[in-house]
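Reader: I have the model open now. Could we go through it together, topic by topic?
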Amino acid sequence: MTNQTDPTGDVRLTGISKTYGAFTAVHPLDLTVPQGSFFALLGASGCGKTTTLRMIAGLEEPSSGTVFLGDQDVTALPPYKRPVNTVFQSYALFPHLDIFENVAFGLRRRGWKSVKKQVEEMLDLVQLGEQARKKPHQLSGGQQQRVAVARALINHPKVLLLDEPLGALDLKLRRQMQLELKRIQTEVGITFIHVTHDQEEAMTMADTVAVMNAGRVEQLGTPADLYENPRTTFVANFLGTSNFIEAEVDSKSGDDIVLKAGGGKLLLPEARCGAPTTTGGKVLVGVRPEKISLTHADDAGEIPEGRNRITGRIADSSFIGVSTQYVVDSPVCADFEVYAQNLDRDPRLVPGAEVVLHWNPAHTFGLDATQDADAGVEEAA
Amino acid sequence: MSTLTEAPPPLAPEAPGPKPPKRRGRWTPYWLLLPGILWLLVFFALPMVYQASTSVQTGSLEEGYKVTWHFATYWDALSAYWPQFVRSVLYAGTATILCLLLGYPLAYLIAFRAGRWRNLIMILVIAPFFTSFLIRTLAWKTILADGGPLVGALNTLHVLDVTSWLGLTAGDRVLATPLAVICGLTYNFLPFMILPLYTSLERIDGRLHEAAGDLYARPWTTFRKVTFPLSMPGVVSGTLLTFIPAAGDYVNADLLGSTDTRMVGNVIQTQFLRVLDYPTAAALSFILMAAILLMVTLYIRRSGTEDLV
Amino acid sequence: MPFVNWLKRNLVVIAGLLTLAYLLLPNIIVTVFSFNKPKGRFNYEWQQFSLDAWKDPCGVSDLCGSLSVSLQIAFWATLGATLLGTLIAFALVRYRFRARGAVNSLIFLPMAMPEVVMAASLLTLFLNMGAQLGFWTILIAHIMFCLSFVVTAVKARVMSMDPKLEEAARDLYAGPFQTFVRVTLPIAAPGIAAGALLAFALSFDDFIITNFNAGSTLTFPMFVWGSAQRGTPVQINVIGTAMFVVAVLFVLASMAVGHRRNRQKA
């Protein structure tokens, strides 16, 4: 055993994989989660995120690879010998024990005699001091969720694993619990690894997000980085909505690449292009719907110079309060999505109207055109 | 036999559920199974083998029996006791149908109409089990007594004329007639019908009734097209749980019947315990077992195993 | 015609209540006749009210002895069948192994077999082995036929149990043994209790299998059977009524406790 007070408490996975017969749930994977961070594994169901989590917990034996906690190799340790605790999906609270005993369970198993003080403090932390003697089924979903967190945290694990902890809650409660979990994490400073399929949840809570797809990590980064600079169409579609235009590299102009799409030209900062940029090469040009401005074709002259522009016709519009979402039919891309904030609504922007779409070239990103532009659309829905 | 669980035992090996999780100890399941399975092998399966062997033995009690592959015992037993076999099937079949007709309304009442009385009625269905079924069967001797109020009433209403004409009763007696035996069988196995019926009815979503009503089904149509088909698993396991023990029963025929109402169970009991003609008794028991297993298999296959819980 | 409409709506209720009356009638007779003072040896005709039998329930030779034999056999059969059956149920739900189908069939068959067949075949085994019929052969037989019912009851409970609960226990520093004792067993307990209760009732009230394999040992159902031939003492009705009342009180009490507990929680 290496010493428990290792200053570097990072979780390191090296070459870890899991196969069930012919099916590979997780391809060999290297991942480092820095100590004290809030890390999210994001992906659709069946992408291998939960399996990865369970291998860290020790509930699943990896087919290959090693799990390190700090310097300690814990790959061969059973779950009850790992300084790691889990908040299970649907909580797995012991139905035959009251809240107090549920929270005290881990301490008692480790031979603690007096647990009262710790349990009460922990219940106060999650604001459930009053409910100590109730049974789990007498609590609301949100309360049960907090008990599950308390039951795991009281053991002061090096890492807290959260397996879709908010999946069973309704939207409003989920928002509230996201902030609550974030608060607790900041307060206790323990590493949180959070598995979720909800991109908004991952982006709200985590410092670092790893997007998983089909047993591999597609991209890893801060939420803003993933959103602004997706490196694959899967990430671009899974996190929010993206519009893609197939374009051909024409020339270079300073730091920008000039692309041909349909009859027009588009600019793309070279730094934001993840595809080969040889002249004649194909590139998928992506832009987020909220970056785009919409101007009626009659006013096209008022659009400032230097912006990327595309013409089209509004196919559909839906008013959703804070914004209006338009679907625009354009020669370079059918179903171009545009979200316009409802500041000064132009009454001419109705279905059938001819419009010009334009945006700051800095908001453009370029991806390898060999991939499926719709990857991740289904999963995100 | 008696039972008191809310959920009656399933009557068919159930379809495999979700895959059980794989565990590290490869031999653990075998160690867990060993004592119980050994018990069943030695005291359930092995006796069947002994019985089969006994049925083809010849000899006498004094000189002992030897296996002589004397299959004629089967033929002799069948030709001597076929009326008892036929009676067993007829009585048990009639009792099963009566159980279904009587039990369904009560199960329906508990499932959908009892409201806050549900628990109480449930207790009243189960509680009689705690009085030995032999004592309760003897009570029917009082209820059906010659010249008693029930028989008197049936006589006045000329019901007994009809049943006499059907060969179910004789003269103005009910006791010691087929009717008394069927009545006893129906009474004894009725809870075995009610409990599975109730379990499958209770699972039906009450909103389905409303939906059927909403879609222009009258109450009777709702029952025929929605409720009854959905309760089929209960009907199937209820009829099996009633028919099987009723067909092998000899207590009702003995206590409430006469020598003219003897069923195959009575013959097996007498041959084994009084006449001590073991080969004949074993052959009869074997035929009964084979017949029941055959009927059950056909019945389950016909009604669709997947629906059985 | 409001009455006809009312009748139409409540036909099923009336039919159901009539069936309930049919089910309860014998118990009423048994209770009433426990206060009878019969003239002859048989207690089938009402003569006059008397408390004699209630004052002296053991006043008939062998009756209370047979009751005690039945209770002992039921106790040990329940213990044995519950233990063996619970192990099988866990193996069936929690593990994948070869011969699963065969094991399932072996569990199912005793429940689909007429009792008289099992009784007769078991007797041939005992006769062939030269076993002395009595307490032990009855106990062996009872464990055998109760086993399947226990397996079914426990299996249903264990199957509905969330495997995540055991994972949670292991995650919270409980080793395999601790996990079993602290989590698995308490949660499976209602299923095991139901199986045990069922086994007790089945064993206590069994007649056919006991009739074949009892030798000269007298259980309570055997005593009743014999008395049907020789003469039925009123005390039989006293015992039957007492068991009925005790059972109903037991159920009502446990329901009241459950009700109070639920109210406390709320």
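Reader: What share of the contacts in chain B between residues at least 6 apart in sequence join residues at least 24 apart?
Author: The share is 71%. Two residues are in contact if their C-beta atoms, placed from the backbone, lie within 7 Å. This is a predicted model, in which local features need pLDDT of at least 70 and side-chain atom pairs count only at pLDDT 80 or more, while totals for chains, interfaces and linings use all residues. Residues are numbered from 1 along each chain as its sequence is written, and chains are lettered from A and ligands numbered from 1 in the order in which they are written.

Reader: How many residues of chain B are in contact with chain C?
Author: On the chain B side there are 86, in contact with 83 residues of chain C. Helix 1 (residues 28-55) of chain B gives the most to the side of chain B that touches chain C, namely 19 residues. That side divides into 64 nonpolar, 17 polar and five charged residues. Here Ala, Val, Leu, Ile, Met, Phe, Trp, Tyr, Cys and Pro count as nonpolar, Asp, Glu, Lys and Arg as charged, and the others, Gly among them, as polar.

Reader: Turning to the cores, which residues touch the most other members of the largest nonpolar one?
Author: They are A:Ile193 and C:Ile88, in a core of 233 residues. A nonpolar core is a set of buried Ala, Val, Leu, Ile, Met, Phe, Trp, Tyr and Cys residues joined through C-beta atoms within 7 Å. Helix 7 (residues 178-202) of chain B gives the most to this core, with 16 residues.

Reader: And what does A:Ile193 contact, its neighbours within four places in sequence aside?
Author: Its contacts include A:Val11, A:Phe39, A:Leu53 and A:Val159. A second, separate core has 30 residues, among them A:Leu259 and A:Val328.

Reader: In what order do the five strands of the open sheet in chain A run?
Author: The order is 15-19-16-17-18, with antiparallel pairing; two strands pair if DSSP finds at least two bridges between them. The edge strands, each pairing on one side only, are strand 15 (293-296) and strand 18 (333-341) of chain A. Strand 17 (residues 323-330) of chain A pairs with strand 18 of chain A over seven bridges. A:Tyr326 stands opposite A:Val338 in strand 18.

Reader: One more topic: what is phi of A:Ala214, and where does this residue lie?
Author: Phi of A:Ala214 is near 50 degrees, a positive value in a residue other than glycine. Most residues other than glycine have a negative phi. A:Ala214 lies in the loop between strand 9 (208-213) and strand 10 (216-221) of chain A, and is partly exposed, with 15 other C-beta atoms within 10 Å.

Reader: Is B:Trp69 buried or exposed?
Author: B:Trp69 is exposed, because 9 other C-beta atoms lie within 10 Å. This residue has a positive phi of about 50 degrees although it is not a glycine, and is found in the loop between strand 2 (64-67) and helix 2 (72-113) of chain B.

Key
Helices (H or I, at least four residues) and strands (E, at least two) are DSSP runs, numbered from the N terminus. A residue is buried if 20 or more other C-beta atoms lie within 10 Å of its own, exposed if 12 or fewer, and partly exposed in between; C-beta atoms are placed from the backbone.
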